[in-house]
Amino acid sequence: MIPILEMEDVQYRVRDKIVLDIPSFELYEGDFLGIMGPNGAGKSTFLKLLAFLDNPIEGATLYRGEKWTAKTIPLPLRRNFSVALQQSLLIQGTVFENVAIGLKWRKEPKDVVKMKVTEMLELFEISHLAFKNSHQLSGGEAQRVNLARALVIQPEVLFLDEPFSALDFPTKMKLIDDFQKIVHLTKTTTVFISHDLLEIQSLSNRLLFLMEGKVQQVGATNTVLQNPTPATAKFLAPWKKHLPILTL
Ligand SMILES: Nc1ncnc2c1ncn2[C@@H]1O[C@H](COP(=O)(O)OP(=O)(O)OP(=O)(O)O)[C@@H](O)[C@H]1O
């Protein structure tokens with residue numbers, strides 16, 4: 001099976017400091033890859049390079065076996081990716097208009113836009129907000145809109161950078177439960193940065209630990225959590241101590 005995305009000998013430096021050093025990495029269809037690691041480990045940089053939002057200083061990122069850069073990747077290929085960040089960054093307008101925006105850019109016919117947006121609003125349980133101004137939403141509602149907007153274009157890969165971290169605990173857990181069902185239904189390949197082991201355990205089937213710009217450990221989520229390397233175990237120790245209920 002050809003990976004959807006790959007990294008080959010990727011290095012990223014900021015003022016001579018190597019912040020990312022990835023000899024090889026592969027993302028496969030159906031992966032829900034969680035990325036964890038300490039602050040400054042390079043997680044966001046990793047995501048940006050994998051999504052062709054930035055270029056490595058050395059090496060290359062490949063999409064379905066072909067090397068591209070942030071500049072050379074053609075728009076139709078770039079449009080196979082969706083990115084959702086911690087801040088929902090909604091545009092001025094209604095919830096419906098926000099969710100529809102990617103479909104409009106792709107010049108989908110009006111009836112298709114209406115059908116797909118309606119379906120996505122239902123999946124995220126925000127149909128009742130369709131004509132509400134996006135700047136009058138709660139944080140939890142706005143994040144639902146953000147995720148619906150990212151998924152409505154049926155991306156080949158969805159990139160998420162801490163999308164749940166600003167939400168209160170019950171709001172977060174309800175959204176994670178709903179999101180898990182939606183991603184399962186749509187089978188969307190996802191790359192997901194999180195600082196929260198509960199989120200990672202709930203959502204990811206593959207887990208990558210980044211430390212000081214290097215892959216410390218990668219594998220099936222349960223396998224990694226049950227057989228951590230010494231460095232991963234050290235990172236996970238506070239979770240074990242304070243949340244003994246977690247199956248680690
Ligand atoms: N454009 C930039 N300018 C300066 N430093 C940068 C830039 N991009 C990344 N870095 C540095 O690279 C390192 C990795 O940053 P990155 O944001 O990828 O880490 P992270 O693991 O996502 O961190 P966090 O968990 O705090 O969000 C950090 O030391 C950061 O300061």
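User: Which helix gives the most to the shell around the ligand?

Analyst: In this predicted model, helix H1 (residues 43-50) gives the most, with three residues. The residues around the ligand include Lys43, Ser44 and Thr45.

User: Why is strand S9 called mostly covered?

Analyst: A residue is buried if 20 or more other C-beta atoms lie within 10 Å of its own. In S9 (residues 206-211), five of the six residues are buried. So S9 is mostly covered.

User: How do you know that S9 pairs with S3?

Analyst: Pairing needs at least two bridges. Four bridges join S3 (residues 32-36) to S9, and the strands run parallel. Therefore they pair. Leucine 33 has arginine 206 as its bridge partner in S9.

User: What joins S9 and S10?

Analyst: Six bridges, in the antiparallel sense. Methionine 211 has lysine 214 of S10 as its bridge partner. The hairpin has two residues between the strands, and there glutamate 212 takes a positive phi near 50 degrees.

User: How many helices and strands does the protein have, and why is it called as compact as a globular protein of that length?

Analyst: The protein has nine helices and 10 strands. Its radius of gyration is 18 Å, close to the 18 Å from the globule rule for 248 residues, so it is as compact as a globular protein of that length.

Terms used: Residues numbered from 1 in each chain as written. Predicted model: local features only at pLDDT ≥ 70, side-chain atom pairs only at ≥ 80, totals over all residues. Near = placed C-beta within 6 Å. Buried ≥ 20, exposed ≤ 12 C-beta atoms within 10 Å, placed from the backbone. Rg over C-alpha atoms; globule rule 2.2 N^0.38 Å.
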